[in-house]
Amino acid sequence: MTTVTVNTYTHSVTYVADNILKSIKDLIRLSGLDPTHLVESWESKMRAIRTWLHSGHLETVVLEIFDPRTDALVGRWDIDVIYTTGLGDGGFWTDTEQIKYHIRKAGLAPAEARYRLVLQNRSGRPDVDGWEPTRFRSTEGFIRHSLGSTIEHYGLGASAAYWRQV
């Protein structure tokens with residue numbers, strides 16, 4: 001029985017990690033930004049997300065959209081990881097339509113905008129090559145809007161939110 005649980009959790013980690021990064025790619029592309037930087041560093045991002053999902057340290061995957069001239073935040077998307085005890089109800093799904101709807105609602109990013117992916121972890125996380133602690137850009141003057149659950153796989157999931165200027 002233990003083997004089934006471990007294999008199911010490993011599959012859940014893979015499913016959730018894949019769908020988090022695919023959702024980030026959609027957020028970038030549908031916001032009018034070039035996904036090349038994300039795609040070029042996909043392996044590193046996937047390795048970090050999988051490692052920290054598996055260890056239970058990953059809290060939030062954050063897409064910061066910023067003005068490169070001022071370094072100020074112009075928009076932000078959060079994907080909060082949800083860990084539950086047990087294996088959930090056995091379901092797995094990703095609500096891409098909900099994400100797409102809210103991207104349209106948030107609007108396109110300015111043409112000159114850039115982005116970066118930041119992974120927020122609990123303390124004690126294992127090290128992953130190429131990843132170091134960093135600080136978020138300020139969200140002062142922004143308000144957070146929750147989308148609710150967007151990804152689920154046997155009790156491991158994620159909910160999304162976006163930040164817009166007040």
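Does Thr10 count as buried, exposed or partly exposed, and at what relative accessibility? The first view below takes up this residue, and the others move on to helices and strands. Please keep in mind throughout that this is a predicted model.

View 1. Thr10 sits in helix H1, which covers residues 2-30. With a relative accessibility of 32%, Thr10 counts as partly exposed, because the partly exposed class lies between the buried limit of under 20% and the exposed limit of over 50%. Look for Leu53 as well: 43 residues separate Thr10 and Leu53 in sequence, while their C-alpha atoms are 9.6 Å apart in space.

**View 2. Helix H3 and its buried face.** Leu53 leads us to helix H3, where it is one of the buried residues, together with Lys45, Met46, Ala48, Ile49 and Trp52. Seen down the axis of H3, these buried residues fall within an arc of 165°, so they line one face of the helix. Helix H3 runs over residues 42-55, and its 14 residues should span 20 Å at 1.5 Å a residue; the C-alpha atoms at its ends are 20 Å apart, which agrees. Just after H3 comes Gly56, with a positive phi of about 80°.

**View 3. The two sides of helix H4.** Helix H4 is made of residues 96-106, and its residues Gln98, Ile99, His102 and Ile103 are buried. Around the axis they cover an arc of only 135°, which puts them on the same side of H4. Now turn to the face pointing away from that buried side: here you will find the exposed residues Glu97 and Arg104.

View 4. Strand S5 (residues 142-153) and strand S6 run antiparallel and are joined by ten bridges. Which residue of S6 is the bridge partner of His153? The partner is Leu156. Two residues lie between S5 and S6 in this hairpin, and Tyr154 in the turn has a positive phi of about 50°.

**View 5. Strand S6 beside strand S2.** Strand S6 spans residues 156-165 and is mostly covered, with eight of its ten residues buried. Strand S2 (residues 73-83) is also antiparallel to S6, and eight bridges join the two. To find your way along this pairing, pick out Arg76, which stands opposite Trp163 in S6.

Conventions. Residues are numbered from 1 along each chain as its sequence is written. This is a predicted model: local features need pLDDT of at least 70, side-chain atom pairs count only at pLDDT 80 or more; totals for chains, interfaces and linings use all residues. Side-chain values use heavy atoms; hydrogens and water are left out. Buried means under 20% relative accessible area, exposed over 50%, partly exposed in between (1.4 Å probe, protein chains only). Helices (H or I, at least four residues) and strands (E, at least two) are DSSP runs, numbered from the N terminus. Two strands pair if DSSP finds at least two bridges between them. The expected span of a helix is 1.5 Å times one less than its number of residues. The arc is that of the directions from the helix axis to the C-beta atoms.
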